[in-house]
Amino acid sequence: MSPFRRTVSPVLLGAFAFFLCAVEPSGAQVSNPLPHAWNEAVYALAQKTAGVLGPGRAFSLEVNDVSTGAPVELADLRHAFEEDMLLRGMRPVAAPADAPIQISISRSLMGFTLIAEIHRADSQQVAIVPVAAEDSVPHQPGPEPGLQRKVVWQQAAPLLDFDQVPGDSTRVFWYLLESDHLLVYEFDGGQRVLEDARPIPIRNATRDLRGWIQAVDATHVSAFIGGTRCDVTWNPALETECRENTGQQWPMGPVSWTFTPGRNHFSGTVTFASSLLAKFPPFYSSASPLPGTSGQGPSLRVVVGVDGRAQLFQSGPDPVATFDGWGSEIVSISSGCGNGWQVLATGTGDWTQKDQIQLYELRDAKAIAIGQSLDLPGPTLALWPADDGKSARVISRNIESGLYEASTVSISCGN
Amino acid sequence: MKLRLFLLVAAISVALASAGRVQTSQRPRYGGTVRAEIGAVIHSLDPLGTTSDPEEAAAKDEIGALLYDQRSADGAFSGVAGSGAFHIAQWESGKRLTLAANENYRGGRAFVDAVEIEMGRSVKDRLLDLEVGTADFAEIPPEGARRAGEAGVRVSASEAEELVALSFSSGHPIGEDAHAREALSRSIDRAAIVNFILQKEGEPAGGLLPQWSNGTAFLFPTANDAAGAKQLWSQIPGSPRIVLGYDSRDSLEQAIAERIALNARDAGITLSTEAVPAGAAGSPEPSDVRLIRLRMKSARPRDALAGFITALAPAAGLDPTPLPAAASPEQIFGRERDIVSSYRLVPVVWLPRVFGLSARLRDWKAPAAGEGWPLADVWLEQESQ
């Protein structure tokens, strides 16, 4: 079975939107303001109802909403149903009619449902049509200064990381890392021209699998998944070579972190290019000043330990500061605004809650929150630096839709 | 529901209690032991062993789901104990059980190292231990949710998934009279049971599937109709009397049965209640109608309804024909309507599962219908140092 037959439901938005033609609703669509899935459901309901009534009958109609907030106007739904029934030779009339029909918008395990109670002289019949779930269009933050999030991908399957790597002037490559597959999409001029997927053998399965994609160039990436490392080539067939990650080193810029297999954190050992080792408490994530950050020595490092504390270390084994209210994911970022060391940090809470991302500037062993925090529609599952160092890649899960969302978070210097 | 208010109160209490403590991060942390308390007394963990105590059977099933990786088609656990997320580390029959995380579980090792389960704890003791922080997890009865919230316990409720219903016994004359069955159904003030006995933690039930599952529950009326009941009852010749049985160990069933008796009397129906002792299962049903509690085996409407039919068809005289595997929404609704309109099974109220939790238990999600305790998915916040 092709891996693409699974429940992958990609929605390309935001940063990716420029590859796609912007499609505005046509005049014909505007005349019926119901979303497509609702139109389809109304059509199916009218078909079932007409089948129950028989030809040429007059009906009266009542529409109500017993769900908790259907995203459509009752008048629009009524109008669509009546129009459809007219086309089938039925006549809408004011009550009393041959057949009073009551349509209710209900909600079930599967989502919204249209239910028609068709009252006839001798019986009452019920027709039920589920409204197909549509990919929700995520909220696009406005142009306000501060943190900006662009959702670039959504899918039902759990996502660990993603990366977008430009090839040449027209081609771009998307790599998606799932818990058991690596997928690649090649776009040329905005059109998806190729796609492929390869399974990833899981070693040391965990309930909170960590994964990270490191792009070497457009057609060569490395994927780190728990204790496994996969080197991937796209030429254009996807070739993967996966093996146990010897030494459990995850290269993170000028240093590498040592992963703890079977767990969801790093051991605390950070290896520098000079092979020197620094030992910190076991951590979920860590950040240090990016090259060129003025006034900040390379020995500075914040780690978010498995005890939940974000601690700042400076050339010694003991922390010089502890920051409250930081979540488990942090990343250094070069915003171009100001000249200090800036860190994005997720919020506290757990994976049943919505999250926030906040920008901090670290000065004199203090973390100063900059601007408003960015609200996410669910928990942040991964936060990694983007290849340009100016933005961050975020994987989160939308609590409302249940979809996994890949997004980029960047900073505008408005204020 | 008012529980929301109490959840808020509980959340505020938790926030106050945790003031000054280090807030932990979002990502799950490994380690620690969950202290769980249950009311049931489990005498054997043998998956083939049976028990007549429904509380013990339910608790055993929950623990089995933590110990075994797989179930067979009939729902029995299969494979080796310990193939699941946990294995048995210590077992004292009828007293306590310690489960340790299975390091090689194919679904990934549980975040906590162990779960200590203390058995035979009364509701009062469970609530007290939750209040003082010596327990992390305990199921509490729905009718106790309000008091638990008021006492500052962190409370979590699932969707309504347990049906309390009246099941008329086959072979009893009054149970064969459709007017009598309908009269009793119409007489019941379901809203009052929810409001006063369940303290608003539950929903009136008119159908066999809750609204969240199939979306059709609103099509079944739940309002009481004493006048209609009286009229129907008056059409029954003689002076029949209905005996309503309930589980003698179940105080909630007793309270609901007594309330139904009150409603019945208001409609002119002669009804008495009778406590049915444990172990009566299998012997001839002494009551004309029995109050029963049925938990949905699945969130999926077709599977949930099929489970109810399988469980009840023989005793209640329902049509045992299995639902098609790919039953349409209309087929599911039609079957549900047929059963409800026969009044052989009279839905009364829906109950959620209610859990009391410690403040340090994280990533908790109340289990959906058919799911077990999610103790492999939770993690524990580290105490401040």
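Predicted model: local features only at pLDDT ≥ 70, side-chain atom pairs only at ≥ 80, totals over all residues.

User: OK, how many helices and strands in chain A?
Analyst: Chain A has three helices and 29 strands. Those are DSSP runs numbered from the N terminus, with helices being H or I of at least four residues and strands E of at least two.

User: And what share of chain A is buried?
Analyst: Of its 415 residues, 39% are buried. Buried here is 20 or more other C-beta atoms within 10 Å of a residue's own, exposed is 12 or fewer, and partly exposed is in between, with C-beta atoms placed from the backbone.

User: Which residues touch the most others in the largest nonpolar core?
Analyst: That core has 85 residues, and the ones touching the most other members are A:Val42, A:Leu45, A:Phe81, A:Leu114, B:Ile269, B:Val348 and B:Val349. A nonpolar core is a set of buried Ala, Val, Leu, Ile, Met, Phe, Trp, Tyr and Cys residues joined through C-beta atoms within 7 Å. There's also a second, separate core of 73 residues, which includes A:Leu160, A:Phe173, A:Trp212 and A:Ile225.

User: What is A:Leu45 in contact with, leaving aside neighbours within four places in sequence?
Analyst: On that basis A:Leu45 contacts A:Phe81, A:Leu114, A:Ala116, A:Ala127 and A:Val129. Contact means that the C-beta atoms of two residues, placed from the backbone, lie within 7 Å.

User: Switching topic: what's the strand order in the open sheet of four strands in chain A?
Analyst: The order is S23-S24-S25-S26, with antiparallel pairing. Two strands pair if DSSP finds at least two bridges between them. S23 (330-333) and S26 (366-375) of chain A are at the edges with a single partner strand each, so one side of each has no neighbour in the sheet. From one strand to the next, the twist averages 25°, using axes that are lines fitted to C-alpha atoms (for helices over the stretch in contact) and angles from 0 to 180 degrees between N-to-C directions.

User: How many bridges between S25 and S26 of chain A?
Analyst: Seven, with S25 (residues 356-363) antiparallel to S26(A). A:Gln356, for one, has A:Asp375 in S26(A) as its bridge partner.

User: Is A:Gln314 buried, exposed or partly exposed?
Analyst: A:Gln314 has 14 other C-beta atoms within 10 Å, so A:Gln314 is partly exposed. A:Gln314 sits in strand S21 (residues 310-314) of chain A.

User: Now chain B. Which domains does the assignment give?
Analyst: Domain 1 is 2-158 + 353-380 and domain 2 is 162-351; such bounds come from an automatic or database domain assignment. The centres of these two chain B domains, taken over C-alpha atoms, are 30 Å apart. Between them, 14 residues of domain 1 of chain B contact 16 residues of domain 2 of chain B.

User: And how many residues of chain B are in contact with chain A?
Analyst: 33 residues of chain B contact 38 residues of chain A. Helix H7 (211-214) and helix H11 (329-342) of chain B each supply at least two residues of the chain B side.

Notes: Residues numbered from 1 in each chain as written. Chains lettered and ligands numbered in written order.
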